[in-house]
Every structure is written in structure tokens, then in C-alpha cells.
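Trainee: Before we look at any single residue, could you show me how to read the features of a model one at a time, with the general idea put ahead of the case?

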Amino acid sequence: MKLSRLLSLSLTIAGGLSATRVLLRRHAWERVHNRVAICVDFDDAYAAAIRAGLPFDDLLHGLAHHGATHVSLPELTLDRLVRSGQLAPRAPGHLRAARPRVGHWNYLHGPSELVARLASELSTRLPYTEAQTIDGDTLAFAGDLRAIGEIGLGFDAPVAERISAHGLGVVPRPVSYAWPEKALIERTLAQAASLGRLVAFDGDLILGHEMHLGETLEVMERERLTFVYFAESRHQKGDWFIAKQRAPVGRVVLAHRFTPQEMIPLDFHAAAHVWAHLARERGIRLCYVNFFKVLHATEPLEGLHYVEHIKEALEQDGFVVTQDVCVPAPVPTPMKTDLAATGLASAGIAASAATALLDLPDAMALPLTISAAAGAAALPYLERPRGRLEEVYPPSYAPKALALAAASLAPVAVIDRSRAGWLNGLVIQASAAAALAAVTSGQDYHLRIEEYRGFNLDWL
């Protein structure tokens with residue numbers, strides 16, 4: 001074997017061994033972080049109870065018995081309460097004679113206890129609405145329902161108590177709306193923290209997006225809230241900002257939620273195994289479950305069996321279904337020294353590929369191999385932030401370059417016509433696979449903030 005070929009192979013093996021050490025740390029972390037929660041959507045659970053003719057508490061008991069760990073709790077808004085029929089426009093016996101400070105007077109009729117809580121919440125959050133109760137069961141406030149109706153007004157505490165009474169955790173779902181002010185964000189998240197440690201924002205936006213995300217993050221840190229991050233769907237604007245900041249302190253839980261379109265080809269047996277696959281292969285630790293309603297659904301309470309199947313599939317794969325899914329420690333991220341050592345595999349593979357393709361003599365191949373090793377080892381240290389934004393969100397160019405080199409050039413590097421060529425090829429491919437996995441095993445890749453893209457060069 002040529003000296004240059006031997007040097008390249010040695011570098012590849014050294015880099016592969018360094019990558020193995022990184023992967024062993026990640027494997028040890030994943031063995032500890034094997035807890036998964038099953039959170040059922042509140043609206044689906046409530047609808048199933050109604051259609052089954054059951055009191056909601058009976059359904060909550062069934063969910064806990066069949067393996068659910070949490071139930072979500074959406075934040076109250078006037079729009080939501082009107083749509084659900086809990087509030088209805090109705091003029092009281094006597095109208096308010098005083099001229100409103102803003103807009104016009106609005107009157108919503110509903111249960112006296114609910115109306116009293118809403119009047120108190122509106123008075124605290126938006127004093128200019130001059131909210132008050134009339135006749136004990138009518139909410140009167142100034143403004144316009146279209147402007148005020150979308151604003152979050154806290155959570156239904158009695159419903160949260162009913163959920164907790166059955167041993168289920170509560171996952172508050174704050175809503176987003178136009179012009180969220182700091183005081184409103186603080187109040188909503190403080191109320192969410194009083195119900196549970198997990199918070200899963202509702203809708204397509206994180207509360208505070210986009211100019212007040214700093215305030216949202218500040219309150220989450222103060223209240224020690226754990227962010228439920230729908231990393232697979234990435235449908236919430238501002239989610240990566242919160243995830244990036246909360247992950248180093250172990251306050252992010254990877255979650256997933258099937259869209260109605262994704263549920264069409266599935267039944268609850270198949271979906272249960274998909275959940276287990278997502279937990280095993282994609283790191284999902286909170287299954288946000290919607291019931292099957294039209295397709296593949298025979299009756300409302302079938303959702304209980306769906307939850308039971310999810311629990312069984314997860315446990316068969318070695319996961320523990322529990323409420324406590326907070327990360328025990330942040331995902332281990334390769335340090336620059338790890339990347340430099342692992343990069344030797346990419347350097348050796350690149351040098352072998354160039355030598356094999358160009359049939360270089362040792363006089364040219366040796367300097368090329370040494371230069372490739374020096375460049376790969378130095379590459380992580382050359383990656384430095386170029387501004388304030390990159391100081392907060394460091395770039396990930398070095399891991400991507402090393403991964404791309406290993407994946408795309410390994411098939412070329414295995415070209416070896418010697419008798420032991422098959423063994424050398426096996427070593428190169430194994431080292432390339434280990435290097436690719438190691439350099440893309442960091443926190444940003446775990447959270448799907450960064451992704452490896454091969455641009456089909458490995459296939460080419």
C-alpha cells in the first residue's frame with residue numbers, strides 16, 4: 001500500500017474513533033432521556049365526551065386509565081367563548097348610559113361565574129374597556145368585539161382543576177394576537193406557570209412574535225417554563241428563537257402533532273407505531289394527540305383505545321410514558337476539539353478520493369493529505385461570529401462542510417484495486433457514517449434549527 005494511502009486511511013480511522021466517542025456520549029444521554037408524554041387535545045376530548053353522552057370528568061378518567069399523561073388547555077378569548085356558545089350577544093335590562101372611552105358598548109350574556117371572571121380579567125388587562133357585570137350574568141365592555149375578541153384572557157382554572165383531579169397534567173396553550181404588550185404577555189405566562197411547567201403555544205405564532213419575543217423569553221425564564229417545541233412541523237413563527245435560548249438549560253421538549261392531512265392514510269393502529277418511530281428516530285418526547293373523527297373512526301370513545309395503543313407502542317420500544325419529560329441535561333454538543341478530531345475522517349476520505357481519482361504519486365499525494373488534515377482540524381476554529389446576530393445564533397458551517405465531505409467523497413475513496421481493498425472500503429464507509437452522525441449530533445441539529453443537506457452529491 002502506498003504511504004499516502006496508508007496515511008489517509010490512518011486519518012480516517014482516527015477521525016472515526018473520535019466520532020465514536022461523540023456518539024457514545026449521545027447514546028448515554030438518550031438512554032437517560034427516554035421519557036415520553038402523551039398529551040390529548042382539549043377540544044377533541046371535550047367533543048368526544050359530548051358525542052358519547054358522557055360527563056367530561058368521565059372521559060378524563062378514561063384518558064388517565066388508558067395512558068394519557070396530559071390534556072391541553074387553550075387560553076380563553078371572547079371569540080372562543082362566543083363560538084362555543086358559552087357567551088352570546090344579548091342586551092341587558094338596562095343599557096349603560098355613559099359614553100364609552102373607546103369604541104361602543106358590547107354586551108355578552110353567559111354564566112354568572114364566568115362573566116365575573118371575564119370582567120375582572122378585562123379590567124386588569126385592558127382598563128380602558130371599563131368592563132363590568134350587569135344583572136349578574138351580562139358582561140359589558142367598551143371597544144369592539146372584533147378588536148378585543150382575539151386577546152387572551154387567561155385560562156379556565158376550574159377546568160384545569162378537574163383535569164388535575166384525575167391525575168393528568170395540564171399543558172396551557174396561550175394564544176397569539178395583534179399588538180401583544182409586555183404586561184399582557186407577563187400575565188398570560190404567569191397564569192400558565194400556575195397550571196403546569198409545560199407550555200405549548202396555540203396557532204401559527206408564538207405569543208409576542210415578533211418584536212416582543214424577548215419579553216416572552218424573559219418571562220419563560222423567570223417562571224421556569226418548558227417550551228413544547230413542534231420541531232417536526234415547524235409551523236409556529238418564532239419557535240426556533242425560543243427553542244434556541246431555552247435548550248441550553250434543558251427547558252425544551254420536542255413534540256409533534258399530526259395534521260388532518262397526515263392522519264388520512266393512517267388508522268390508530270398504524271399511527272401508534274408512527275408515534276413510536278418518531279420518539280425513537282426523531283427524538284419526539286411529547287405526543288400531542290388529536291382523535292380520529294371522520295376517517296378510520298367508528299365512535300367517539302375509540303380515541304381512548306388510540307391513546308392506549310400509543311402507550312403500548314412506546315413502551316415496547318423501551319420508552320417510559322410519564323408526565324415528567326423535562327430534559328435532565330441539554331443534548332451533548334460536540335466541542336470544537338471534537339469537531340477537529342472527527343474532521344480528520346473527512347480529511348482522510350477527501351485525500352483518498354483525490355488520490356484515487358487522479359492517480360497521484362506519493363510525492364503529490366502526501367502533501368495533499370497533510371494539507372487536508374490541517375485544514376479539517378483548523379476549520380472549526382475558523383468559524384467565528386461576524387456580528388451580534390451570529391454571536392447569539394452561531395453559524396454551523398464547519399459541521400456541514402465536514403459532513404458533506406464525508407458523505408459525498410466516501411464512495412470515491414473506497415476505490416482500491418489492492419487485495420485488501422474491500423476491507424479498506426468497509427473501514428472508510430464506517431468512519432464516514434460515524435463522522436456524519438457525530439458532526440450533526442449537536443443541539444441545533446437535534447432541534448431541527450440546523451439540518452444537513454447533501455445536495456444529492458452522495459448519490460452522484
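Trainee: Let me begin with accessibility: is Cys 39 buried or exposed?

Mentor: A residue is called buried under 20% relative accessible area, exposed over 50%, and partly exposed in between, with a 1.4 Å probe and only protein chains considered. Cys 39 has a relative accessibility of 0% and therefore counts as buried. Keep in mind that this is a predicted model, in which local features need pLDDT of at least 70 and side-chain atom pairs count only at pLDDT 80 or more, while totals for chains, interfaces and linings use all residues. Residues are numbered from 1 along each chain as its sequence is written, and side-chain values use heavy atoms, with hydrogens and water left out.

Trainee: Where does Arg 35 lie, and which side chain of opposite charge is nearest to Arg 35?

Mentor: Arg 35 belongs to strand β1, residues 35–40. For charge, Lys and Arg count as positive and Asp and Glu as negative, whereas His and the chain ends are not counted; a salt bridge needs a side-chain nitrogen of Lys or Arg within 4 Å of a carboxyl oxygen of Asp or Glu. Arg 35 is buried but has no salt bridge, since the nearest side chain of opposite charge, that of Asp 324, is 4.1 Å away.

Trainee: Which backbone oxygens does the side chain of Arg 35 reach?

Mentor: A polar contact is a pair of N or O atoms within 3.5 Å; within protein, one must be able to donate a hydrogen and the other to accept it, and residues adjacent in sequence count only if both atoms are side-chain atoms. The Arg 35 side chain comes to 2.6 Å from the backbone oxygen of Asp 324, and one of its polar atoms lies 2.9 Å from the backbone oxygen of Cys 326.

Trainee: How many salt bridges does the structure hold, and which parts of the chain does the pair of Arg 257 and Asp 41 link?

Mentor: The structure holds 22 salt bridges. One of them joins the side chains of Arg 257 and Asp 41 at 3.5 Å, N to O. That pair connects distant parts of the chain, with Arg 257 in strand β10 (residues 252–257) and Asp 41 in the loop between β1 and α2 (42–52), 216 residues apart. Arg 257 is partly exposed at 27% relative accessibility, whereas Asp 41 is buried at 6%.

Trainee: What is the setting of the salt bridge between Glu 121 and Arg 125?

Mentor: Their side chains meet at 2.7 Å, N to O. Glu 121 and Arg 125 are 4 residues apart in helix α5 (residues 112–125), and so about one helical turn separates them. Glu 121 is buried with a relative accessible area of 10%, and Arg 125 is buried at 6%. Both take part in a network of salt bridges that links Glu 75, Glu 121, Arg 125 and Arg 187.

Trainee: How should I read the backbone angles?

Mentor: Most residues other than glycine have a negative phi, and most peptide bonds are trans. Asp 359, although not a glycine, has a positive phi of about 55°; Asp 359 sits in the loop between α14 (336–358) and α15 (362–382) and is exposed, with 60% relative accessible area. Arg 448 is not a glycine either and has a positive phi of about 65°, in the segment after α19 (443–446), but Arg 448 is buried at 8% relative accessibility. As for the peptide bond, the one from His 209 to Glu 210 is cis, with omega near 5°, and Glu 210 is in the loop between β8 (198–199) and α9 (213–223).

Note on methods:
Helices (H or I, at least four residues) and strands (E, at least two) are DSSP runs, numbered from the N terminus.
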